[in-house]
Amino acid sequence: MTKIKDNKAHGSKIKRSPGDQAVQIILYIIVAACALVCVLPFLYVFGASFATEREIIERPFFIIPHDFSLNAYVYIIRDGAVFRGLKNSLIVTVVGTLINMFVSCTMAYPLSRPYLKGRNFFMNMVIIIMLFSGGMVPSYLLISQVLHLRNTFWALWLPGAMSAFNMIIIKNYFQGLPMELEEAAVIDGSNDLKTFVRIILPLSGPVLASVSLFYAVGHWNSYFSAMMYISDSKLEVVQIVLRRIIFLTGSFAEDAGFDWGAAGSPPTKAVRMATTVVATVPILIVYPFIQKFFTAGVMVGSVKG
Amino acid sequence: MSNSTSAAKTKKEMRQYQRQHNSWKKAFHQHGWLYAMLIPGVVWMLIFCYLPMGGLVMAFENFSPYAGNGIVECLVKSPKVGFDNFKLLFTGADFFNLLRNTLAISFANLLIAFPMPIILALILNELRCMWFKRFSQTLVYIPHFISLVIVATLTFQLFNSTDGVVYNMIAQVVGRANAPDILSSPKLFVPLILGQNIWKETGYGTIIYLAALTSVDPELLEAAKIDGANRWNLLWHITLPTIRSTIVIMLIMKVGSLLNTGYEQIFLMQNAMNRSVSEVFDTYVYNRGVSQGQYSLATTAGLFKSIVSLIMVLGANKISKMLGETGLY
């Protein structure tokens, strides 16, 4: 039992058996491999977007291109669809998240007050929508034929205006704040609305940040509802543009009126890569800043209410 | 959901408080703002969640959008057919196929994708080099934030049989004639979807398990080591039991959504060649209902799926409570 020796020393300077160290090394290799698999596709696409057509076809795998070329990005900028898509996605995301947060917070606060009469009734209303729904066809008919929201961004904002799950995360957080805060405010003559806006909301920064983030990423990445409800090309979001450029365009428009020089035709493959890059980069840029919030958010969500 | 309150009120005080507020009139008078704040959410739920549930009557009629003016009149006037749509669905040639495809994808996810985050979390938990651990975590979380369209795009760029990088590598090993066309081969559809899921969600899934792992008692580990326990003993008898309730809760959620294969991902990977294995309940509802206008049949398929899911989530919850774990509801 050599292990006994190990336990004499705590902390980092523990002497380990060779077998133990071998296991450690294997674990490091596994984790490194997982991390690589997660980022390699992005690195390849990023590198290839700056490469020439010939290089993409001829070289099996590369991250740094030999012949640096910006043709693909020139094409994207001239075409304009991708940037229009980015602009539309930004509008959808910002306004959509604001609507989400408004509906979720106003719903969460009353439900977080234990003295609210009828609280269980409203809470059950929320739980039912988590468990059961009318399904796609009735919602589709409602949105397209009753409310006539086709080809407006409202079709992307309203149907998902609240997620029961996210609302409950906020509700649990409000519930966890000390009741004494509210009692003190009431003594000072504050009403429920003032208490909510001036005391509860300012104290809920972390949960509001995490949940806004969940909603925002959802809006940015959403494809299916835009596909169902938006057919006007002026309102296309970036996911739709990306999908169209990758799969639906066989050959690229040669009428872009640009001299592709030696390449002869628009760099189809590189354009695909570049479009993917442009659609991915916004998320990757904000990712490092939001990372701490989403870790916190998952933790908040895991505390059951 | 239990109504846990952090307020330091005793039950008696609470009851007294509630008695003072027992009339609705008084409640509205005192907390008018709270009820006003409920309005946006409640109105939204009524319009976008409960109203479509009323649309489920389509499953019991032969819905025609031309039966009257406006949807409501159509719903009322369309001929009622009882359970004929269900008979049509269950006896149709599609049904067996749908069920098989849906279950194949779901069970592949449940058996293979579900344990992945647990394994990765356990491995990450063993790492002693903190910066390496944190750096790898940052990298493995990234795919979660990428849209399914981009996942499909990357898949296409890596695996397509004209210039896909991975395809070319496989072709170099087994020869171009033997290399399977990954994107359109029906046999490889389930592994492809499974692979996408594993790639996208394994890293992010570790967060919750890593958090649960922080509650493993280090003293218990020390004591077990002194008693001669090796790595596996520690894992099996101390670490895993600590995170058991987290695993059970995650499993309940997974089982409850067994029929929800997610239409977006499947839809994006669906093509004419693999349709025989890629048509699942979710895509069927879209393809039949929204694209082809067979509203009643699609609604029926959706309703069947919703009911089975509901039963499964409630059942899984009950079983977990019977096993002494905390349930979700």
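1. Which domains does the assignment give for chain A? There are domain 1, covering 17–72, and domain 2, covering 80–248. Keep in mind as you look around that this is a predicted model. If you take the C-alpha centres of domain 1 of chain A and domain 2 of chain A, you'll find them 37 Å apart.

2. Now hop over to chain B. Its assignment has domain 1 at 14–42, while domain 2 is written in two pieces, 93–146 + 188–322. The C-alpha centres of domain 1 of chain B and domain 2 of chain B are separated by 41 Å.

3. Next, have a look at where the chains meet. On the chain A side, 87 residues are in contact with 81 residues of chain B. Which element of chain A gives the largest share of that side? That's helix 2 (residues 18–49) of chain A, which supplies 14 residues. As for the make-up of the chain A side, 61 of the residues are nonpolar, 18 are polar and 8 are charged.

4. How does the predictor score the complex? It gives an ipTM of 0.83 and a pTM of 0.84.

5. On to confidence within chain A. The mean pLDDT of chain A is 82, with 84% of its residues at 70 or more. Residues 1–13 of chain A have a pLDDT below 50, and this stretch has 14 contacts in the model beyond near neighbours in sequence. Residues 250–264 of chain A are also below 50, and here the model has 17 contacts beyond near neighbours in sequence.

6. Chain B averages a pLDDT of 84, and 92% of the residues score at least 70.

7. You'll find A:P282 in helix 15 (residues 268–302) of chain A. Why does A:P282 count as partly exposed? Because A:P282 has 15 C-beta neighbours inside 10 Å, and a residue would need 20 or more to be buried, or 12 or fewer to be exposed. Then find A:V82: A:P282 and A:V82 are 200 residues apart along the chain, with 13 Å between their C-alpha atoms.

Definitions and conventions:
Residues are numbered from 1 along each chain as its sequence is written. Chains are lettered from A and ligands numbered from 1 in the order in which they are written. This is a predicted model: local features need pLDDT of at least 70, side-chain atom pairs count only at pLDDT 80 or more; totals for chains, interfaces and linings use all residues. Domain bounds come from an automatic or database domain assignment. Two residues are in contact if their C-beta atoms, placed from the backbone, lie within 7 Å. Helices (H or I, at least four residues) and strands (E, at least two) are DSSP runs, numbered from the N terminus. Ala, Val, Leu, Ile, Met, Phe, Trp, Tyr, Cys and Pro count as nonpolar, Asp, Glu, Lys and Arg as charged, and the others, Gly among them, as polar. pLDDT is the predictor's confidence in each residue, from 0 to 100.
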